[in-house]
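Open the model in your viewer and keep the selection panel at hand. Each stop below says what to select and what is there.

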Amino acid sequence: MASTNILNPNPPEFERFLYAYVGEDRRGSAVTVLSALARLNLDPWAEAAELAALGREGAATRFGLLLARVRDVPALGQDHGPVGRDLTRLLPEGAARPGSKGAAAKIGVPVTSGAFWAILAALFVLAQMMFGGSSGMGE
């Protein structure tokens, strides 16, 4: 039986990569891979799983291109390729086979999001309010 971590449902294999330092932004704040991907409106764990599935060369190329889009970290301006190549070495080797379908799911990236469960809970509460017939409402 696989243990689940309710507080952090994300796979730990990607933590070295995601928490690696990328550079400093224009305000002087440290930027990690995780925060850089979040600034691009990407899911960091899903992106890490996809990068791992690409293999070293493919991951280095793709991640370098992603880093080139992070405009508020001046050090990445010209060096996004080498930085991307160095950081992708922190991805777990053999986590997924390149080109395999559902590689993110095989590695352990959660398929459902918290938003799904929040919407489901809200619908349940609305249904209870509409059809529950609580006492004290003119009955």
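Select helix H3, residues 44-68, and helix H4, residues 76-88, in this predicted model. Their axes come within 8 Å. The crossing angle is roughly 145 degrees, and the crossing is right-handed.

Now show the side chains at this contact. On H3, pick Arg-56, Ala-59, Ala-60, Phe-63, Gly-64, Leu-67 and Ala-68. On H4, pick Leu-76, His-80, Val-83, Gly-84, Arg-85, Leu-87 and Thr-88. Color them by type: eight of the contact residues are nonpolar, four are polar and two are charged.

Next, go to the loop between helix H2 (33-39) and H3, and select Asn-41. Asn-41 is not a glycine, yet its phi is positive, about 60 degrees. Is Asn-41 buried or exposed? Its relative accessibility is 74%, so Asn-41 counts as exposed.

Move on to strand S1, residues 21-24, and strand S2, residues 30-32. The two pair in the antiparallel sense, over three bridges. Select Glu-24 and look across to S2: Ala-30 stands opposite. Then follow the hairpin, where five residues lie between the strands. Stop at Gly-28, which takes a positive phi near 90 degrees.

Last, color the chain by pLDDT. The average is 76, and 63% of the residues score at least 70. Select residues 96-111: here the pLDDT is below 50. Beyond near neighbours in sequence, this stretch has 30 contacts in the model.

Terms used:
Residues are numbered from 1 along each chain as its sequence is written. This is a predicted model: local features need pLDDT of at least 70, side-chain atom pairs count only at pLDDT 80 or more; totals for chains, interfaces and linings use all residues. Side-chain values use heavy atoms; hydrogens and water are left out. pLDDT is the predictor's confidence in each residue, from 0 to 100. Contact means heavy atoms within 4.5 Å. Axes are lines fitted to C-alpha atoms, for helices over the stretch in contact, and angles run from 0 to 180 degrees between N-to-C directions. Helices (H or I, at least four residues) and strands (E, at least two) are DSSP runs, numbered from the N terminus. A crossing is left-handed if the near helix is turned anticlockwise from the far one by less than a right angle, and right-handed if clockwise. Ala, Val, Leu, Ile, Met, Phe, Trp, Tyr, Cys and Pro count as nonpolar, Asp, Glu, Lys and Arg as charged, and the others, Gly among them, as polar. Buried means under 20% relative accessible area, exposed over 50%, partly exposed in between (1.4 Å probe, protein chains only). Two strands pair if DSSP finds at least two bridges between them.
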